[in-house]
Amino acid sequence: MSIFNSFPDLPGPGETAFCKINQTYCCGNVRYGNITTFTNSTKQHPKINVTKDLHHHRLSDENITMYVDVEDNLLKKITSVWYKQGFLEALSVAADPNVNRESQVLAITASYVLKVTNLFTTLRYFMQPHLKDIGPKIVSNYSRTRNWSSSSVKCIAWHPHTTKIALATADDNVRVYCSEVSFVSTLKCKAQGHVSSLSWRPYSASEIAVGCEQGVIVWTVDPNSMFTKPSSSNAVVLKRSGHSPVTDVSWSPNGDLLVSCSGADTSMLVWDVGMETAIPLRRVAGGGIVFARWSLNASKIFAATSSIIFRVWDTQQWTPERWCARGCRVVAACWGPKDMVLFAAKSEPIVYALSNSGIMNGAKTTKAQPVVDVTKVELPSGEAVGGPILDMSWDPTGSYLAVMYEETHLISVFCTTQMMMQLSVTPCCFISGIDNEVPTTMAFQQNFTEGACLSIAWSSGRIQHFPIIYTENY
Amino acid sequence: METKSKIFSQRLVKAVIWNICLQTILAILLVFFIQIDLIHPITWITSTFNDIFSWKMSLNIVLLGLVSCFQAYLYGSQYSMPVPKYFTRISMFLNMFSLQNIIFSTLYALNGYFTMSLYSSLAKSNFNVLKKKCENYDGQCLIEQSLFLQIGGMWMGLHYFTKSHLFGAAVLTFPHIYQEKFQQIKLVISNIVSMGFQHSITPVAYYCLFYFVWGNKPRSVVSDVYSLYLEDPPLDNIINLISSGIWIGLWFYASLFFISIYTMKTVFNVVLTEPMKFPIESNKDMTLATALSERLQFTSYLGALDLKNLSRTDPARRGQIFTLSQPGRHPKNWNNLLEKCLYIINEFNKELESINRDSCTVDNGIQSKVGFPKVAPSPTRYTGSLRNMASPQLLELKTQNTTIVDDTLATAVKDEFNSFLQKLCQKPGISYFFGELVDTKLKFILIQAQPVMWTCEGLAYIVSSSLKEDQYGIVQHDLPTVLAAFVSLKQNLDKLTKPGLVPRKHILNDALAIKNRSALLSAVKRSLYKIVLTFSKYIHEIPLDPDVLTAIQPFILCKEP
């Protein structure tokens, strides 16, 4: 029997779930219902709805065609392409008979040079096949956000110490919402394109790292400042050749080191942001590093590659332990208390747990334990749930696990308890969207004291805060 | 040199051994690749082995050992002396010609010469010897190419010396994460090779230019001394030089020289910056507190780094800090450690304060002249039967502190002379040479900020882990002191960054110093956040100074940028 059958029933038609208080699953009318009738815990939370008209005009690859082409002379054209897009593009412009009608000699030379370089590129792609995709394609391939390239919210991140949330919108702006102030800071600079991930720096009120195509941008947003659009002088761009596009950034829980990963780079970089220096961590095999997760006490890093290999790095000696997933690459992983990590492989409906890897229990024989099977089923109400996992999130206390699925659109939340190094998973509740909303991405609030609060970005651009309140004396 | 710790010298020796091994491997690889012969692989391999085990190779290894000992000496003296304090252009200029630098430049030139001849002999070129038998005359002729290469080697050594010692800052940078040595070397080796080939281009070009202009002089000297003839076309002609192709050889050997120097630099850095574990209490080994107490020395760097690491990852040693001494039940370990940490932080703070005070000197100067001369209170003698509890030393100290102003002719003349000197220094031409350089003082202070960062972070982590691990509550007692020290450091750093408050001479132009400043500020803020957030529930129960309390208020509210 599937675990989903023991979940509480979905809210009826015209109703939606607002929160869960102790064992009560609180639902209300979609239009008139209000979460404040059940709890005041999210009253101060910023109310966010990212509508399309909020987006600023973006100069992307698609709307370049909107502009009328101006006829320049050939040399100017080539130099401008060289300046903007690089040498190879300039060569292809020079070799293109439609553009270059004036100088035949140049066109022929350029085409021959192009052939030689193409030979090298094919050889390089043959050796390193993971480099084949270009920037945004890599990000959207590996992103844990549903429809990353077209969704209105690309990623969200809660501040570790205060009620402050940052979200990256489709126009690659990062918007910072705070519980105390009504205005929204919008972070935007020229280098910030194709934002893939956000991470607030622990033990700092102002610093946020943004992973984007060029590299990592670390913003310092003064919480006392009234500027809604901080200038780009508050941003530090950290980049390195070959490390692009950045698919994930994460701060160490101590707030001193920043790890950035790129799906196209076989090494992950550990940055000392103050000194702007990076040290690469690399081992043979595995392809590009897709994402990395720090354990809660900063003693380990889980690094997933684009192949079945993943590694658990020890942060004292900086040596990895190599693991292989069955079948496919790891899509999502999250750390909980006592150094336990949960992970899920792509297109497989099973969550695995890995704890105390290799130290306590006689080293070599440790295996990842499957903890919950989320095979796709149809509920009595007709909704489908489960299937291959898209994203997972574990609340900071390690008591609730939220799972998002690739093919079905219900988010399922499980209660998790750790006893004697064993994880027991019990059903908690489902969260569904209003009308045809589909969950895009989600994150647990980091400083919610009354239980856990899951924030979900729906495809409509609405951000829902779903508190799961648990009182001791209940 | 000998004042420095045993640890440093041990590591230097270790580095030399590592370096010799690595350089030998490099040399063997070079021999292997130069003799490449795909058609006759067996002869290729046998001839390589013959060469490797020949007396020439062993001589070369001895030479390599010598060279790396030179380097170790250079490194030792480079890192052991505190960063020079040259605040005027003239002192910087004079320093270039110090005895030490002259010795160094000679050593480097010799190093370049040896390395060059070593590699050229390994490569089996015929440019090792200066003499050959003349073809057209009867007698000995000069091989100018070898002369060109040998002087070139010295040139490269001198070039590297000027670039890295005279115009570069010699700061040992510790990596923020320390991987295994082998991994570190593996990561940088390809970078080193490409850098070596790139960086040798400019000195080779300069050298060719130099030889074109002055090349005939050394040639004539050498041919006079050895009474040699010259039968080949002279190399100080551009066309001859290019057509002889010797510049390619020079470039190749110069690249090898740079590669070997960079390799050595990396090996030294890797070996020297290895973190080390100091015991908390020990009778024979150096303890953490002793290591920390050697301010500005190499050991204090290691100590501070160890403090940071232990505060996060070593519960066993943390537990030792929180224990009481037996017998006596005193928190000796903690007090000792805290004293040393606070000393590091406060000393640094004082230096910053003196910089900050500079900006206010103008006002103070006016005030002291206008204000009434202070009357030193005469120490009241205790009379009668009351015993004097204050130690007489304290009284003496007090009297010394009050400045005695005596108006004699000598002081007046002295003042006049000083003010005249100051005026003179402000004249354009003179101030260029003798005026204090912008930002050098601040730069000098900030470059030493690394151990302060580690100390702050380490102390903050120990303090916050004390909430759960400290059974006797010994850390709690010192919480206000720690917070006060952090707050005052933060305020002093803030003053440096506030625009308008900083006088022009302290505006930083140096990228490294600017980064150091922001990194230090960020470290101090993080440390404050760490303590404040950990103790957030009890923060109002800690007996804090009102000033400190107001200063940490934004941290409690999570509003400090």
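Reader: What makes Arg144(A) lie over the face of Phe291(A)?

Author: In this predicted model, Arg144(A) is placed at 4.9 Å from the ring centre of Phe291(A). The cut-off for a charge over a ring is within 6 Å, together with a position within 35 degrees of the ring normal. Lys115(A) is likewise described: its charged end sits over the ring of Tyr112(A), 5.1 Å from the centre. Phe291(A) also belongs to a cluster linked by ring pairs, including Trp323(A) and Tyr352(A).

Reader: Why is the pair of Phe197(B) and Trp251(B) called edge-to-face?

Author: The centres of Phe197(B) and Trp251(B) are 5.5 Å apart and their planes make 70 degrees. Centres within 6.5 Å form a pair, and planes over 60 degrees apart count as edge-to-face, so the name applies.

Reader: What does the pair of Phe197(B) and Trp251(B) tie together?

Author: Phe197(B) lies in helix 7 of chain B and Trp251(B) in helix 11 of chain B, so parts 54 residues apart in sequence are tied together.

Reader: How do you know whether Trp251(B) is buried, exposed or partly exposed?

Author: Trp251(B) has a relative accessible area of 32%. Buried requires under 20% and exposed over 50%, and Trp251(B) is therefore partly exposed.

Reader: Why is the pair of Phe210(B) and Trp214(B) called tilted?

Author: Phe210(B) and Trp214(B) have planes 45 degrees apart, with 5.9 Å centre to centre. Stacked needs under 30 degrees and edge-to-face over 60, so the remaining term, tilted, applies. Both residues lie in helix 8 of chain B, 4 residues apart, about one turn of the helix.

Conventions:
Residues are numbered from 1 along each chain as its sequence is written. Chains are lettered from A and ligands numbered from 1 in the order in which they are written. This is a predicted model: local features need pLDDT of at least 70, side-chain atom pairs count only at pLDDT 80 or more; totals for chains, interfaces and linings use all residues. Side-chain values use heavy atoms; hydrogens and water are left out. Rings of Phe, Tyr and Trp (its six-membered ring) pair if their centres lie within 6.5 Å; planes under 30 degrees apart count as stacked, over 60 as edge-to-face and the rest as tilted. Helices (H or I, at least four residues) and strands (E, at least two) are DSSP runs, numbered from the N terminus. Buried means under 20% relative accessible area, exposed over 50%, partly exposed in between (1.4 Å probe, protein chains only).
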